[in-house]
Amino acid sequence: LQNMSKNDIGAIIVLSSGNVPERILESGVEINSDITSQLIESIFFPKTPLHDGAMIMRDGKILAAACFLPKPDKEEDIDKKLGSRHRAALGVSEISDSVTIVVSEETGIISMAKNGVLIRRLDRQNLFNLLQEEIVPPAEDEEADISPLQKLMRPRLSWT
């Protein structure tokens with residue numbers, strides 16, 4: 001991700017917990033491969049056949065690439081400066097338990113979407129920390145110690 005960001009190579013990667021709708025997976029090209037940085041960069045390299053659309057990962061595998069994601073419910077409320085990748089990331093985050101990472105092709109900025117919330121301008125350490133929080137959730141008895149960011153990333157009840 002850092003290399004793609006540095007070179008302004010756009011990407012959208014959905015980290016699925018298993019409930020991304022099957023129609024999204026079927027809209028792309030099946031990959032079913034181990035995850036490597038070389039494969040990820042090759043897929044998103046501009047003008048390659050699979051660079052448009054989203055990559056779906058689950059259980060340590062790249063399941064598919066060039067997948068179409070849904071638009072968010074309240075697209076009109078989203079900052080007009082954000083592009084289609086960011087909108088798609090928000091859309092899939094509203095309908096699944098996924099975490100979606102976006103690298104902006106225009107700016108190289110890395111963002112993350114979950115539960116209808118987009119966090120922008122993530123550096124390497126902040127992205128690592130957020131992903132670690134998502135992959136290793138706190139035990140129930142640690143509920144009181146949840147950070148404000150973890151609370152923010154929980155499912156949203158409404159847009160208001």
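Of the 160 residues in the protein chain, 42% are buried, in what is a predicted model. The chain holds six helices and seven strands, and from the N terminus on these elements follow the order α-β-α-β-α-β-β-α-β-β-β-α-α. Among contacts with a separation of 6 or more, 55% are made by residues 24 or more positions apart. The accessible surface of the protein chain comes to about 9200 Å², and carbon and sulfur atoms account for 51% of that surface.

**Helix 3 and its cover**

Helix 3, which spans residues 37-44, has Ile40, Ile43 and Phe44 as its buried residues. When the helix is seen down its axis, these buried residues fall within an arc of 90 degrees, so they line one face of helix 3. An α-helix has 3.6 residues a turn, so residues three or four places apart point the same way. The cover over the buried residues of helix 3 is drawn from several elements, including those listed here with their residue ranges.

| Covering element | Residues |
|---|---|
| Helix 1 | 2-6 |
| Strand 1 | 11-15 |
| Strand 2 | 29-34 |
| Strand 3 | 54-58 |
| Strand 4 | 61-67 |

**Ile31 in strand 2**

Strand 2, one of the covering elements, is also the place of Ile31. Is Ile31 buried or partly exposed? Its relative accessible area is 24%, and because buried means under 20%, Ile31 counts as partly exposed. Leaving aside neighbours within four places in sequence, Ile31 is in contact with Leu39, Ile43, Leu50, Ile62, Leu63, Ala64 and Ala65; of these residues, Ile43 is among the buried residues of helix 3. The C-alpha atoms of Ile31 and Leu63 are separated by 5.2 Å, although the two residues stand 32 residues apart along the chain.

**The second largest pocket**

Rolling a probe the size of a water molecule over the atoms shows where empty space is left. In this model, the second largest pocket holds about 270 Å³ of space. It is lined by 16 residues, of which Gly53, Leu69, Ser84, Arg85 and Ala88 are the closest to its centre. Which element gives the largest share of the lining of this pocket? That share comes from helix 4, residues 84-95, which contributes four residues. Sorted by class, the lining of the second largest pocket is made up of eight nonpolar, three polar and five charged residues.

Note on methods
Residues numbered from 1 in each chain as written. Predicted model: local features only at pLDDT ≥ 70, side-chain atom pairs only at ≥ 80, totals over all residues. Heavy atoms only, no water. Buried < 20%, exposed > 50% of the residue type's maximum accessible area, 1.4 Å probe, protein only. Helix = DSSP H or I, 4+ residues; strand = E, 2+ residues; numbered from the N terminus. Arc of directions from axis to C-beta. Contact = heavy atoms within 4.5 Å. 1 Å grid on protein atoms, 1.4 Å probe; cavity = no way out; pocket = protein on both sides within 12 Å on 5 of 7 lines; lining within 4 Å. Points joined across faces, edges and corners; volume = space filled by probe spheres on them. Nonpolar A, V, L, I, M, F, W, Y, C, P; charged D, E, K, R; others polar. Areas by Shrake-Rupley, 256 points an atom, 1.4 Å probe, with all protein chains shown as cover.
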